[in-house]
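Some questions about the structure shown below, each with a worked answer.

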Amino acid sequence: MSSLQNAMRVIEQDQAEPGAPGRDAVAAAVDEVVRATAAAYTAQSSSYEQARESQPWKWDEYLTSTLLKRVRARVAEGKLPLGTATRWRLLDVGAGYGRDVLRFAGEPDIEPVALENADGFVQYLRRAQDEGRIGPDGVVVTDMRDLGSIETGRFHSVRVHATLHHLPLVSYGLGADAAVSGFRRVLAPGGVLYVLVKAGSGVNVIDTGEGLGGRFFQLFTPDLLRQLLERHSFSVVQMEEAVEPRSSGDVDWLFALAVAE
Ligand SMILES: C[S@@+](CC[C@H](N)C(=O)[O-])C[C@H]1O[C@@H](n2cnc3c(N)ncnc32)[C@H](O)[C@@H]1O
């Protein structure tokens, strides 16, 4: 049995009977999922870029404009003060090869920062930095469970697009809870969290047919996502579901916008 299969077994056991495998076993299983996910994206970073560029989806642009409208309205209404900043700061978690960060950099009022842990994608982001397309402070290389290098309240928005579902929902505050706790800490009060995850239930190793092989996914029901966000002091202000038609098969998505209380 592979290490990832072993990790899956521990995670499924923990989800069926929270805490039963013990903290060390759950922590090791989550670490294995993160390692395997980063290795898969690193091995296939260029084919991932090709798949994304060849299959753009209109809903993505709708979600982006929904986020921008919400943040801009909160800034204009005084619900999200920028302090001395001249632009609002957006952290793009799991930025991949940087497509969206580069798009946000073209907006006059946004200072985007890419966060990534897969070496293959980090190389793309560093190249964009060397070419001056991303600013000198525009790339943070870390696991989304560890935002310790980022100061508290630094960002006005945190965007987690198709990334959080690579961490399992497990006990002991590990996995997805560790990440969401960090998102809340680095957001300024009144800041906006954007989350897009695959919809469904349970955990799975799915091959999305993009040449990436099998990757770990935690699937989310609306209730599970809402509970996760609310236990870290977020108020959900919008939730939507959609089905993306892909040549490899339809994908169910769940989107949420939440405000840091
Ligand atoms: C499905 S891709 C989405 C990439 C990009 N947001 C997009 O929509 O094109 C998931 C991204 O999350 C990153 N990721 C997965 N687990 C991560 C972790 N623990 N910490 C940081 N990034 C992670 C992957 O390396 C990958 O870039």
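A crossing of two helices is called left-handed if the near helix is turned anticlockwise from the far one by less than a right angle, and right-handed if clockwise. The model discussed here is predicted.

Q: In which hand does α1 pass α2?
A: Helix α1 covers residues 3–16, and helix α2 covers residues 23–43. By the definition above, the crossing of α1 past α2 is left-handed.

Q: Is α1 parallel, perpendicular or oblique to α2?
A: The axes of α1 and α2 come within 9 Å and cross at roughly 135°. Angles over 145 degrees count as roughly antiparallel and 65 to 115 as roughly perpendicular. The angle therefore makes α1 oblique to α2.

Q: How many residues in the contact of α1 with α2 are nonpolar?
A: From α1 the contact takes S3, L4, A7, V10, I11 and D14, and from α2 it takes A25, V26, A29, E32, V33 and A36. Of these residues, 1 is polar and 2 are charged, and the nonpolar ones number 9.

Q: Which helix gives the largest share of the shell around the ligand?
A: The ligand is surrounded by 19 residues, the closest being G94, G96, N117, A118 and M144. The shell divides into 8 nonpolar, 7 polar and 4 charged residues. The largest share, 4 residues, comes from helix α2.

Q: What radius of gyration does the protein have?
A: The protein contains 8 helices and 9 strands, and its C-alpha trace spans about 50 × 35 × 35 Å along the principal axes. A compact globule of 261 residues would have a radius of gyration near 18 Å. The protein agrees with this, at 18 Å.

Terms used:
Residues are numbered from 1 along each chain as its sequence is written. This is a predicted model: local features need pLDDT of at least 70, side-chain atom pairs count only at pLDDT 80 or more; totals for chains, interfaces and linings use all residues. A residue is near a molecule or strand if its C-beta atom, placed from the backbone, lies within 6 Å of it. Helices (H or I, at least four residues) and strands (E, at least two) are DSSP runs, numbered from the N terminus. Ala, Val, Leu, Ile, Met, Phe, Trp, Tyr, Cys and Pro count as nonpolar, Asp, Glu, Lys and Arg as charged, and the others, Gly among them, as polar. Axes are lines fitted to C-alpha atoms, for helices over the stretch in contact, and angles run from 0 to 180 degrees between N-to-C directions. Angles under 35 degrees count as roughly parallel, over 145 as roughly antiparallel, 65 to 115 as roughly perpendicular and the rest as oblique. Two residues are in contact if their C-beta atoms, placed from the backbone, lie within 7 Å. The radius of gyration is taken over C-alpha atoms; the globule rule is 2.2 Å times the number of residues to the power 0.38.
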